Amino acid sequence: RVQGAPAYLLLLFLLDQQKDLGLTDEHLTRIVQSLVGFFVRRNLTETPAFHDLNYLFMRIVEGIGDRRNSRLVKFIQKELIRVSADEATFRERLNGPVYDENKDLTRFLLCTIAERAMTRETTVDLWAKTDKKYIWTIEHVFPQGENIPKPWVEMIADGDAETARELQRTHVHRLGNLTISGYNSQLGNKDFFSKQARTDHKGKPIGYNNRLCLNDDLAKAKTWTVK
């Protein structure tokens, strides 16, 4: 889901040689977690270049040598950090139009944030599909459509349509304006308060009051602005 297929070469080698390399399941878990973090950063910053990834993991395998156990884990982590974009670049890209740049990665980020707050009593499968389409999809709070509804022009730009269009251009695809919803099509371009309080025909909440942790701030907010 994190678009990490190039790392399969390394993972298959580690699984095949797990016993000889002295790797426990915990060691492998730490490596996988490092790879997930690496691919989030890589796929947002495009560093290193995609065509270099296969060579990267071949070099890591070739460089294992006599490293075992935690030393091997640290070696892999160090190699991934060495070729990754720096913190400033990563932060800059996270603050940019992430949806426009990589929709799949953006969905992974949103789902991961939501899943971390779940318990075994509140777990929801955010990756479930019907007819090969995700049930939960990315929802833009401030809508992305060309014709910005009047209530949104009022809320986002104090009634100035030109300013609203400019703010839409610069902010609509940023992480802070995105959430996930199982009822995206029923929220659409509706004004903020309608999205907040939206219910189905039985009166059950399907808007931002759906108790998904990702929507906690949205469910309580009195307004939705660039800030």
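The model is predicted. The largest nonpolar core has 43 residues, and a second, separate core has 16. Helix α3 (residues 53–62) has five named buried positions: Leu53, Leu56, Phe57, Ile60 and Val61.

**Salt bridges within a helix**

- Arginine 82 pairs with glutamate 79, with the closest N and O atoms 3.0 Å apart.
- Both residues sit in helix α4 (residues 69–83), three residues apart, or about one turn of the helix.
- Arginine 82 is exposed at 53% relative accessible area, whereas glutamate 79 counts as buried at 17%.
- Arginine 165 forms a salt bridge with glutamate 162, and here the closest N and O atoms are 2.8 Å apart.
- This pair belongs to helix α9 (residues 161–171), again with a spacing of three residues, about one turn.
- Arginine 165 is partly exposed, with 42% relative accessibility, while glutamate 162 is exposed at 52%.
- An α-helix has 3.6 residues a turn, so residues three or four places apart point the same way.

- Glutamate 139 forms a salt bridge with lysine 195, with 2.8 Å between the closest N and O atoms.
- The two residues are 56 apart in the chain: glutamate 139 is in strand β3 (residues 137–140) and lysine 195 in helix α11 (residues 192–197).
- Glutamate 139 is buried, since its relative accessibility is 1% and the cut-off for buried is under 20%.
- Lysine 195 is buried too, with a relative accessible area of 0%.

- The buried residues of α3 are Leu53, Leu56, Phe57, Ile60 and Val61.
- They lie on the same side of α3, because they cover an arc of only 135° around the axis.
- Tyr55 and Glu62 are exposed on the other side of α3.
- Cover for the buried residues of α3 includes α1 (8–16), α2 (25–45) and α4.
- Methionine 58 is also in helix α3; this residue is partly exposed, at 35% relative accessible area.

**Nonpolar cores**

- Within the largest core, Leu14, Phe57, Ile76 and Ile180 touch the most other members.
- At least two residues of this core come from each of α1, α2, α3, α4, α6 (98–101), α7 (103–115) and β4 (178–181).
- Helix α2 supplies the largest share of this core, seven residues.
- Leaving out residues up to four places away in sequence, phenylalanine 57 touches Pro6, Ala7, Leu9, Leu10, Leu35, Phe38, Phe39 and Leu80.

**Nonpolar surface patch**

- Leu9, Tyr55 and Met58 make a nonpolar surface patch of about 290 Å².
- Of these, Tyr55 is an exposed residue of α3, and methionine 58 is a partly exposed one.
- Leu9 is also one of the residues touched by phenylalanine 57.

Note on methods: Residues are numbered from 1 along each chain as its sequence is written. This is a predicted model: local features need pLDDT of at least 70, side-chain atom pairs count only at pLDDT 80 or more; totals for chains, interfaces and linings use all residues. Side-chain values use heavy atoms; hydrogens and water are left out. A salt bridge is a side-chain nitrogen of Lys or Arg within 4 Å of a carboxyl oxygen of Asp or Glu. Helices (H or I, at least four residues) and strands (E, at least two) are DSSP runs, numbered from the N terminus. Buried means under 20% relative accessible area, exposed over 50%, partly exposed in between (1.4 Å probe, protein chains only). The arc is that of the directions from the helix axis to the C-beta atoms. Contact means heavy atoms within 4.5 Å. A nonpolar core is a set of buried Ala, Val, Leu, Ile, Met, Phe, Trp, Tyr and Cys residues joined through side-chain atoms within 4.5 Å. Patches are made of residues with over 30% relative accessible area and no salt bridge: like charges are joined within 9 Å, nonpolar side chains (Val, Leu, Ile, Met, Phe, Trp, Tyr) within 5 Å. Accessible areas come from the Shrake-Rupley method with a 1.4 Å probe; for residues, only the protein chains shown count as cover.
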